[in-house]
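Student: I would like to go through this model and ask what stands behind each label. Please set each value against its cut-off.

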Amino acid sequence: MSAIARETAAQGTVGPAGRAAYRVQLMGLFSLLESGSAAQVALRSESALRIARKHGWPDQAAVVHSIVGGAWLKGKQPKPAVKAYRAARESAQEAQAQGNPAAGELITQTWFAEAGAWL
């Protein structure tokens, strides 16, 4: 996740409106993950998910769901974390169906994240 945050920050807020708005939302999520509650992260994620869905970016939706899962896990709430990781996997599988080359790795990560939540 920290690599994603660094890459997102490096891209700045220039580019097509959807991408710039999404990057702003994603950076806000990373910031809130550090200092906010899981419920705040989940609420804030809705904006980023709306943008990802609008533009047909299921891989990015998987990333957002994974961030939410991490927030729930950080808050010692494994059941909603599992739910978030499963939502991430559904999005990653959608990306795979679209032929996204990163989808397989995203799917694997969601399985490991869910396993960690169960542990």
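**Labels and their cut-offs**

Tutor: Lys76 lies in the loop between helix 4 and helix 5. This is a predicted model, in which local features need pLDDT of at least 70 and side-chain atom pairs count only at pLDDT 80 or more, while totals for chains, interfaces and linings use all residues. Residues are numbered from 1 along each chain as its sequence is written, and side-chain values use heavy atoms, with hydrogens and water left out.

Student: Why does Lys76 count as exposed?

Tutor: Buried means under 20% relative accessible area, exposed means over 50%, and partly exposed is in between (1.4 Å probe, protein chains only). Lys76 has 72% relative accessibility, so it counts as exposed.

Student: How many helices and strands does the protein chain have?

Tutor: There are six helices and zero strands, and the order from the N terminus is α-α-α-α-α-α. Helices (H or I, at least four residues) and strands (E, at least two) are DSSP runs, numbered from the N terminus. Of the 119 residues in the chain, 42% are buried.

Student: What makes helix 3 and helix 4 roughly antiparallel?

Tutor: Two packed helices are described by the angle between their axes and the distance between the axes. Axes are lines fitted to C-alpha atoms, for helices over the stretch in contact, and angles run from 0 to 180 degrees between N-to-C directions. Under 35 degrees counts as roughly parallel, over 145 as roughly antiparallel, 65 to 115 as roughly perpendicular, and the rest as oblique. Helix 3 and helix 4 pack at about 175°, with their axes 9 Å apart; they are therefore roughly antiparallel.

Student: Which residues of helix 3 and helix 4 meet, and how do they divide by class?

Tutor: Contact means heavy atoms within 4.5 Å. On the helix 3 side the residues include Ala42, Ser45 and Leu49, and on the helix 4 side they include Val64, Val68 and Trp72. The classes are nonpolar (Ala, Val, Leu, Ile, Met, Phe, Trp, Tyr, Cys and Pro), charged (Asp, Glu, Lys and Arg) and polar (the others, Gly among them). The contact of helix 3 with helix 4 has 13 nonpolar, three polar and one charged residues.

Student: How do you know whether Ser45 is buried or exposed?

Tutor: Ser45, in helix 3, has 4% relative accessibility and therefore counts as buried. Leaving aside neighbours within four places in sequence, Ser45 is in contact with Leu29, Val64 and Val68.

Student: How are helix 4 and helix 5 oriented to each other?

Tutor: Their axes come within 8 Å and cross at roughly 170°. That angle makes helix 4 roughly antiparallel to helix 5. Among the residues making the contact are Ala62, His65 and Ser66 of helix 4 and Ala84 and Ala88 of helix 5. By class, the contact has 15 nonpolar, five polar and two charged residues.

Student: Why is Ala88 called buried?

Tutor: Ala88 sits in helix 5. The relative accessible area of Ala88 is 0%, so Ala88 is buried. Apart from neighbours within four places in sequence, Ala88 is in contact with Ala62, His65, Ser66 and Thr110.

Student: Why are helix 4 and helix 6 called roughly parallel?

Tutor: The axes of helix 4 (residues 58-74) and helix 6 (residues 103-118) come within 11 Å and cross at roughly 15°. Helix 4 and helix 6 are therefore roughly parallel. The contact is made by Asp59, Ala62, Val63, Ser66 and Leu73 of helix 4 and Leu106, Thr110 and Ala117 of helix 6.

Student: Why does Phe112 count as exposed?

Tutor: Phe112 is in helix 6, and its relative accessibility is 64%, so Phe112 counts as exposed.

Student: What makes Tyr22 and Trp57 an edge-to-face pair?

Tutor: Rings of Phe, Tyr and Trp (its six-membered ring) pair if their centres lie within 6.5 Å; planes under 30 degrees apart count as stacked, over 60 as edge-to-face and the rest as tilted. The count by this rule is one aromatic pair. Tyr22 and Trp57 are 5.8 Å apart centre to centre, with 75° between the planes, and the pair is edge-to-face. Tyr22 lies in helix 2 and Trp57 in the loop between helix 3 and helix 4, so the pair ties together parts that are 35 residues apart in sequence. Both Tyr22 and Trp57 are buried.
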